[in-house]
Amino acid sequence: MSQESTSTPAAVQADDYLERRALRRGSAGWVLLTGLGVAYVVSGDYSGWNFGLAEGGFGGLAIAMVLMGAMYACMVFALAELSSILPTAGGGYGFARRALGPWGGFLTGTAILIEYVLAPAAIVIFIGDYVASLGLFGLESGWPVYLVCFAIFLGIHLWGVGEALRFSFVVTGIAVVALVVFALAALPEFSFASLDDIPVDSSAAGSNSWLPFGLLGIWAAFPFGMWFFLGVEGVPLAAEETRDPARTLPKAIRWSMGILVVLAVVTFVAAAGARGSAAIQEAGNPLVEALQPDGEATTLSRIVNYAGLAGLVASFFSLIYAGSRQLFALSRAGYLPRFLSLTSRRKAPYLGLLVPGTIGFLLAAVSGNGARMLNIAVFGATISYALMSLSHIVLRRREPELPRPYRTPGGVLTSSVALVLACAALVATFLVDVTAAFIALAVYVVALAYFGLYSRKRLVAQAPEEEFAALAAAEAELTRD
């Protein structure tokens, strides 16, 4: 393969370059993709969000959830438009590449990759904790459980995307049905008095029973409000394996977000109202705690406990998929080593699955700190949200005549709201876990050094995202002439 020394994408001479990097087309319709969008997130309904009660109380977390829900809603509407313009596996990287150039594309793609490599590593630790707490097969949480999880679920992905998405859909369905069962079971125990039972910190500005940690507590709860929606933005990464992506992706994104909003409100209010915010604010399995007021397990609490494991499996499985597709797209375009985008006879990016899977397993086995890794993932996510929202604004301003099969309601106002809230959420990560934020920042700096010193000179012109950006540059040149 010939390589040029400039930052301009170079044509790779091998005739079969893209043929060896092809995904299986038309494997998913909007129903499977909606299930994928919910699968990315559903584990967040079972655990994690409740720690925001310790940061902002019920009122603080409620406001944070509404604001973060607004951010995600605005962002997914913008992504729906962008994915109808450029339906490729690059997702956010592809959008930012056209709007913000190679540096913007790499910044966005790297942020997404940080999210989708770290999140499965965190979730597999939570799976191990659930396996141990349920006494399944007498196993304890640790590296053997993590290894089995990665081996089984990577194997399903290597089998093929259609099989993988159908498996994810079934497991997600089980987790969603269990959330409905939980809400109905918690209803008889619901009390408004239980919502604001966390002791008030009188020294905090603006504190009261609903905001026990004051106004700053709202901001500190932002990352936990995100856990009800974190990952839904990954739906466009399935673009190249979707039937009629320009129509299917926007529909799946909107339906996924609508379902997640309903699940978030029902889960949050039911759990806090049934057991009390104070009782569940530090629980590893808040929904189970909400159904066990006397600490004794019941039939329903056991069902919800097993469903929580199903929810974790669904998110773990689908996030592995998202990470592999983002890595595939960045590698295919030369931003990362090109061999990582090679696909198997079943059209699965096998190295794109195995390499991040190995990294995730090692991180989980060595650190054992799921909360820290999730906070790092949130840091990467908020950067990508800001850059994707900015990409929508730039493309609307710079290329208003670009064909848009789907248009974002509210236009740039909608994506501007997402941009402002994403920046606020990024700052909030430093309030919650400054160590995690700086670790993510260090990873970012290393990645940028690699791009600046090496890979930006070796981009591949044939990659769909690069061709799309080159078309924009050519059109701009013709306009100037």
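Buried means under 20% relative accessible area, exposed over 50% and partly exposed in between, computed with a 1.4 Å probe on protein chains only. The views show a predicted model, in which local features need pLDDT of at least 70, side-chain atom pairs count only at pLDDT 80 or more, and totals for chains, interfaces and linings use all residues. Residues are numbered from 1 along each chain as its sequence is written, and side-chain values use heavy atoms, with hydrogens and water left out.

**View A. Salt bridge between E81 and R404.** A salt bridge is a side-chain nitrogen of Lys or Arg within 4 Å of a carboxyl oxygen of Asp or Glu. The structure holds 8 salt bridges. In the one formed by E81 and R404, the closest N and O atoms are 2.8 Å apart. The pair links distant parts of the chain, with E81 in helix α3 and R404 in the loop between α14 and α15, 323 residues apart. Helices (H or I, at least four residues) and strands (E, at least two) are DSSP runs, numbered from the N terminus. E81 has a relative accessible area of 1% and is buried; R404 also counts as buried, at 9%.

**View B. Salt bridge between R332 and E465.** The closest N and O atoms of R332 and E465 are 3.3 Å apart. R332 belongs to helix α12 and E465 to helix α17 (residues 464-480), so the pair ties together parts that are 133 residues apart in sequence. R332 is buried, with a relative accessible area of 3%, and E465 is buried at 0%. Elsewhere, salt bridges that share partners join E81, R396 and R404 into one network.

**View C. Salt bridge between R247 and D244.** Here the closest N and O atoms are 4.0 Å apart. R247 is exposed, with a relative accessible area of 64%, while D244 is partly exposed at 42%.

**View D. Aromatic pair of W49 and F268.** Rings of Phe, Tyr and Trp (its six-membered ring) pair if their centres lie within 6.5 Å; planes under 30 degrees apart count as stacked, over 60 as edge-to-face and the rest as tilted. A search of the whole structure finds 26 aromatic pairs. W49 and F268 pair edge-to-face, at 5.6 Å centre to centre and 80° between the planes. W49 lies in the loop between α2 (43-46) and α3 (53-85) and F268 in helix α9 (residues 245-275), so this pair ties together parts that are 219 residues apart in sequence. W49 is buried, with a relative accessible area of 0%, and F268 is buried at 1%. Ring pairs link W49, F58, Y72, W210, F228, F229, F268 and Y385 into a cluster.

**View E. Aromatic pair of Y93 and Y335.** The two rings are edge-to-face, 5.1 Å centre to centre with 70° between the planes. The pair links distant parts of the chain: Y93 is in helix α4 (residues 92-134) and Y335 in the loop between α12 (299-332) and α13 (350-367), 242 residues apart. Both Y93 and Y335 are buried.

**View F. K251 over the ring of W30.** A charge sits over a ring if NZ of Lys or CZ of Arg is within 6 Å of the ring centre and within 35 degrees of the ring normal. The charged end of K251 is 4.2 Å from the centre of the W30 ring.

**View G. Helix α16 (residues 434-453).** The helix has 20 residues and reaches 28 Å from its first C-alpha to its last, close to the 28 Å expected at 1.5 Å a residue; the expected span is 1.5 Å times one less than the number of residues. Residues A436, A437, A440, Y444, A447, F451 and G452 of α16 are buried. Seen down the axis, the buried residues fall within an arc of 135°, so they line one face of the helix; the arc is that of the directions from the helix axis to the C-beta atoms. On the other side of α16, V445, V446 and L453 are exposed. The buried residues of α16 pack against α4, α14 (370-398) and α15 (412-432), where contact means heavy atoms within 4.5 Å.

View H. V171 is buried, with a relative accessible area of 11%. Not counting residues up to four places away in sequence, V171 touches A310, V313 and A314. V171 and G35 are 136 residues apart in sequence and 9.6 Å apart in space, C-alpha to C-alpha.
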